[in-house]
Amino acid sequence: MRPSLLLFSLVLPLALPLAAGTALAQAPAGADPACAGKPPAALPASLADWRTPDAMKAAGNAKTAAKAALKPGAAVRATLLPTPKVAYPVRPEKPGGTVSYGGLFRFTVAREGVWRVALGSAAWVDVVRDGKAMRSVAHGHGPACSGVRKMVDYRLTPGTYTLQVAANGSDSLTLLVTPQP
């Protein structure tokens with residue numbers, strides 16, 4: 001056998017699994033294979049803005065969180081920071097490691113009730129006020145094939161809150177905070 005053919009026959013079996021792994025790694029994060037080729041799922045009115053997010057940069061500490069102000073009912077495509085660059089007001093239960101991403105946002109609650117945080121990933125999320133993390137009242141997933149991966153509900157009173165995002169696997173995330181009917 002010619003040396004170049006021998007080398008090819010030895011390298012090809014090693015290269016194919018790497019190429020397949022690269023192709024799989026390029027699939028959109030959180031993409032559900034069962035949704036391939038299907039139209040996007042209908043969304044409830046409270047998530048109507050999900051598919052038209054505005055760009056926003058996450059803050060790295062509580063002092064700058066006001067610059068990352070979320071408007072209730074409006075989705076954002078957030079650019080997150082490497083976890084070591086985020087100074088969380090309250091340590092997240094799942095802070096992520098040095099290769100994860102997170103950030104801080106601020107939002108204002110005008111009326112008491114249940115407020116939902118919708119995320120496009122399985123990131124950890126906390127709603128913080130006065131140095132304390134609020135207790136969630138419900139957890140769930142968004143409609144199948146909608147892009148909403150996780151939803152967490154909180155019972156909140158009027159005031160200003162900090163939304164902490166932690167342990168995200170990539171440097172961007174779609175999120176939305178909205179009151180529930």
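**Notes on strands, cores and links**

1. Strand β5 (residues 113-119) and β11 are paired antiparallel, with five bridges between them. (Strands are DSSP runs of E, at least two residues, and helices are runs of H or I, at least four, numbered from the N terminus; two strands pair if DSSP finds at least two bridges.) Look for Trp115 in this pairing: its bridge partner in β11 is Pro179.

2. A word on what you're looking at: this is a predicted model, where local features need pLDDT of at least 70 and side-chain atom pairs need 80 or more, while totals for chains, interfaces and linings use all residues. Residues are numbered from 1 along each chain as its sequence is written, and side-chain values use heavy atoms, without hydrogens or water.

3. How much of β11 is covered? Six of the eight residues in this strand (172-179) are buried, where buried means under 20% relative accessible area, exposed over 50% and partly exposed in between (1.4 Å probe, protein chains only).

4. Now for the inside. The largest nonpolar core has 31 residues, and those touching the most other members are Leu70, Phe105, Phe107, Leu163 and Leu175. (A core is a set of buried Ala, Val, Leu, Ile, Met, Phe, Trp, Tyr and Cys joined through side-chain atoms within 4.5 Å.) Seven strands matter here: β2, β4 (101-109), β5, β6 (124-129), β9 (150-156), β10 (159-168) and β11 each give this core at least two residues. A separate core of eight residues lies apart from it, including Ala75, Ala118, Val148 and Met151. In soluble globular proteins, nonpolar side chains tend to be buried together.

5. Leaving out residues up to four places away in sequence, Leu70 touches Met56, Val76, Phe105, Arg106, Phe107, Leu163, Leu175 and Val177. Contact here means heavy atoms within 4.5 Å.

6. Next, the aromatics. How many aromatic pairs does the structure hold? There are two. (Rings of Phe, Tyr and Trp, taking its six-membered ring, pair with centres within 6.5 Å; planes under 30 degrees apart are stacked, over 60 edge-to-face, the rest tilted.) Phe107 and Trp115 count as tilted because their planes are at 35°, with the ring centres 6.4 Å apart. Phe107 and Tyr161 are stacked instead, at 5.7 Å centre to centre and 20° between the planes. This second pair links distant parts of the chain, with Phe107 in β4 and Tyr161 in β10, 54 residues apart. Phe107, Trp115 and Tyr161 make up one aromatic cluster. Phe107 is buried at 2% relative accessibility, Trp115 is buried at 4%, and Tyr161 is buried too.

7. Which cysteines does the disulfide join? Cys35 and Cys145, with 2.0 Å from S to S; the count comes to one disulfide (cysteine sulfurs within 2.5 Å). Cys35 sits in the loop between α1 (3-25) and β1 (54-57), and Cys145 in the loop between β8 (136-140) and β9, 110 residues apart. The link is left-handed, at -85° about the S-S bond.

8. β6 meets β7 through two antiparallel bridges, and Arg129 has Lys132 of β7 as its bridge partner.

9. Two more side chains deserve a look. Thr83, in the loop between β3 (81-82) and β4, is buried at 10% relative accessible area. Its side chain reaches the backbone oxygen of Gly97 at 3.5 Å. Arg116 in β5 is buried as well, at 17%. The side chains of Arg116 and Gln180 make a polar contact of 3.1 Å. (That is N or O atoms within 3.5 Å; within protein, one must be able to donate a hydrogen and the other to accept it, and sequence-adjacent residues count only if both atoms are side-chain atoms.) Beyond four places in sequence, the contacts of Arg116 include Met151, Asp153 and Val177.
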